[in-house]
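Subject: Handover of a structure and findings

Dear colleague,

I am handing over the structure below for your attention.

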Amino acid sequence: MSPASKPGAANTILSTDHLSREVDSRAIIHEITVEVRRGEVLAVVGPSGSGKSSFLRLLNRLDEPTSGTVFLEGTDYRQIVPRELRRRVGMVMQRPFLFPGTAVDNLRYGPCQRGQTLSDADAEALLTRVGLTGYGSRDVTNLSGGEAQRISLARSLANSPQVLLMDEPTSALDESSKLGVESLILEVIGNSKLTCVIVTHDTAQAARLADRAMILDSGRLVRLGSVNEILHA
Amino acid sequence: MLKHLFSNQLQLGLAQAAAAALLACIVILIARRRQIHLESETVIALVRGLVQIMAVGSILVVLLRGPRWTGGLLLLAMIIAAGATSAKRARGIPGSFKVSTYSIACGAGTVIAVMTWLGVIDTPITALIPVGSMLIANAMNTNGLALNRFRSDVLAHRGEIETALALGADPRQSVYPYAQSSFEASLIPAIDSLRSLGIVWIPGLMAGMLLSGARPVYAAIYQFVVLAMIFAASGLTSLVSTLLIRTHAFTPAEQLALRPGIQK
């Protein structure tokens with residue numbers, strides 16, 4: 001086996017190998033080895049400060065592992081140019097952080113980084129997919145929290161990622177927006193069979209969205225299995 | 001009043017320095033009441049500034065009589081010292097000393113070289129060093145302002161920057177708006193100096209030229225020349241530093257190097 005590649009199971013798209021990160025000599029993530037299967041939704045749950053978001057940030061290399069690594073389709077992600085890696089492993093943040101301009105400007109941001117232009121028709125199709133038909137020319141400063149998070153999701157999808165990471169995408173929303181975005185995520189992921197790793201502190205939400213779940217505590221993987229096994233045990 | 005108390009010029013100078021420093025300390029005490037703690041930084045800067053200028057003044061007396069090439073060496077030493085001072089405003093950004101020194105050398109160095117070649121700055125050390133040091137000092141201040149603003153903006157917009165990175169953006173592109181605003185903000189003092197020249201303040205150089213017998217119109221024009229050179233040197237320095245710092249704010253794996261825990 002070449003050090004830059006790992007065979008793994010045929011249906012594994014993303015895997016971590018003893019992934020660890022230390023900050024100021026303190027282990028934030030400790031030796032996590034997990035495989036994410038193609039088309040599945042894996043929920044990362046755990047108490048506050050357990051390292052859920054830190055783990056997610058290691059998956060698209062927004063942070064650097066202290067030891068261990070991540071394989072994307074069997075290739076060590078250190079062999080992939082970071083920009084290309086992040087296009088293939090998209091991320092929706094806890095807060096939408098929309099860029100100044102219109103909704104369509106935001107959708108075009110990712111493709112534009114690669115010198116591509118998202119057509120009006122493709123942009124409108126994405127907006128329809130997230131339930132915001134006709135919102136293209138709207139200034140993002142006039143959007144509600146729920147609408148902004150939908151644009152954020154559409155913006156990530158515009159990059160056609162192979163894996164989508166979501167960091168508590170509904171935690172900054174009110175209850176009604178939260179349910180709307182959650183059902184949208186279910187619909188979008190279900191229709192496209194997109195592989196997804198979602199961080200949530202809400203175990204009920206994890207049960208509604210995910211196929212499998214992993215529980216983190218103090219940066220360590222405590223349990224991993226189907227949602228029924230893990231969350232209803 | 002002090003002139004009546006001290007007949008010796010050195011004693012008078014030290015008393016005047018103490019009076020000015022006392023006022024600075026009063027400001028720091030007022031700031032302290034508003035929970036702004038600048039005590040140690042200011043006291044160290046005041047003492048350091050006084051010791052440095054006295055030491056350099058003594059050395060200058062010797063060097064100003066030396067050969068012309070010593071002028072170049074002095075300016076180079078000033079650029080390195082200026083780089084080290086303003087780099088502290090970008091703490092947490094790797095390579096900030098290199099960026100600062102290179103930027104000040106590009107900005108102030110280019111203006112000094114071109115203007116000396118054109119004959120605007122005279123080549124004798126007695127003319128080159130005072131004007132050159134003015135350009136370097138102002139370039140240093142502008143560089144410090146630019147880096148400080150960039151650092152604050154990047155820390156305040158970490159979410160936006162990492163969102164852009166997560167969408168596959170070029171790191172330099174992700175901090176572009178903050179580099180732009182840092183450049184603009186850093187030039188405010190230089191622009192305001194030019195705007196208010198002769199109205200709000202009449203700089204020392206012109207007063208000195210008048211005292212040494214220069215024609216008032218020429219003294220006024222030369223003062224404008226100096227301020228325009230300061231603007232050019234500061235602008236070029238800030239342009240280079242905000243261009244270079246964009247790359248240094250990231251690790252080779254294109255991760256944001258600046259973390260909120262790293263304090264100024």
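One cavity of 30 Å³ or more was counted in this structure, which is a predicted model. The volume of the largest cavity is about 40 Å³. Residues of both chains line the largest cavity: A:Met91, A:Val92, A:Met93, A:Pro96, A:Ser152, A:Arg155 and A:Ser156, together with B:Thr163 and B:Leu167. Two elements of chain A, strand E6 (89-92) and helix H5 (145-157), each supply at least two residues of this lining. H5(A) gives the most, with three residues. By class, the lining of the largest cavity holds five nonpolar residues, three polar and one charged.

H5(A) lies across E6 and strand E7 (163-167) of chain A, and runs at about 175 degrees to E6(A). E6 and E7 belong to an open sheet of six strands in chain A, with the order E6-E7-E8-E3-E9-E10 and mixed pairing. Its edge strands are E6 and strand E10 (220-226) of chain A, each of which pairs on one side only. On average, neighbouring strands of this sheet are turned by 20 degrees against each other, direction ignored. Within the sheet, strand E3 (residues 41-45) and strand E9 (residues 212-217) of chain A pair in the parallel sense over four bridges. There, A:Val45 stands opposite A:Ile215 in E9(A).

Chain A also has an open sheet of four strands, in the order E2-E1-E4-E5, and the pairing is antiparallel. Strand E2 (26-37) and strand E5 (75-76) of chain A form the edges, each pairing on one side only. Strand E1 (residues 12-23) and strand E4 (residues 67-72) of chain A run antiparallel and are joined by five bridges. A:Asp17 stands opposite A:Thr69 in E4(A). Helix H1 (residues 52-59) of chain A lies across E1, E2 and E4 of chain A, at about 120 degrees to E1(A).

Of its 17 lining residues, A:Ser53, A:Arg57, A:Asp63, B:Arg158 and B:Glu162 lie nearest the centre. The lining of the second largest pocket divides into six nonpolar, four polar and seven charged residues.

The largest pocket remains to be described. Its volume is about 1,100 Å³. It is lined by 32 residues, and those closest to its centre are B:Arg48, B:Gln52, B:Ala81, B:Thr85 and B:Met140. Three helices of chain B, H3 (39-63), H4 (69-87) and H6 (125-156), each supply at least two residues of the lining. H3(B) gives the most, with twelve residues. In this lining, 16 residues are nonpolar, ten are polar and six are charged.

Yours sincerely

Note on methods:
Residues are numbered from 1 along each chain as its sequence is written. Chains are lettered from A and ligands numbered from 1 in the order in which they are written. This is a predicted model: local features need pLDDT of at least 70, side-chain atom pairs count only at pLDDT 80 or more; totals for chains, interfaces and linings use all residues. Side-chain values use heavy atoms; hydrogens and water are left out. Two strands pair if DSSP finds at least two bridges between them. Contact means heavy atoms within 4.5 Å. Axes are lines fitted to C-alpha atoms, for helices over the stretch in contact, and angles run from 0 to 180 degrees between N-to-C directions. On a 1 Å grid over the protein atoms alone, a cavity is a set of points where a 1.4 Å probe fits but cannot get out, and a pocket is an open set with protein on both sides within 12 Å along at least five of seven lines; lining residues have an atom within 4 Å of a point. Grid points are joined across faces, edges and corners, and a volume is the space filled by probe spheres set on the points. Ala, Val, Leu, Ile, Met, Phe, Trp, Tyr, Cys and Pro count as nonpolar, Asp, Glu, Lys and Arg as charged, and the others, Gly among them, as polar.
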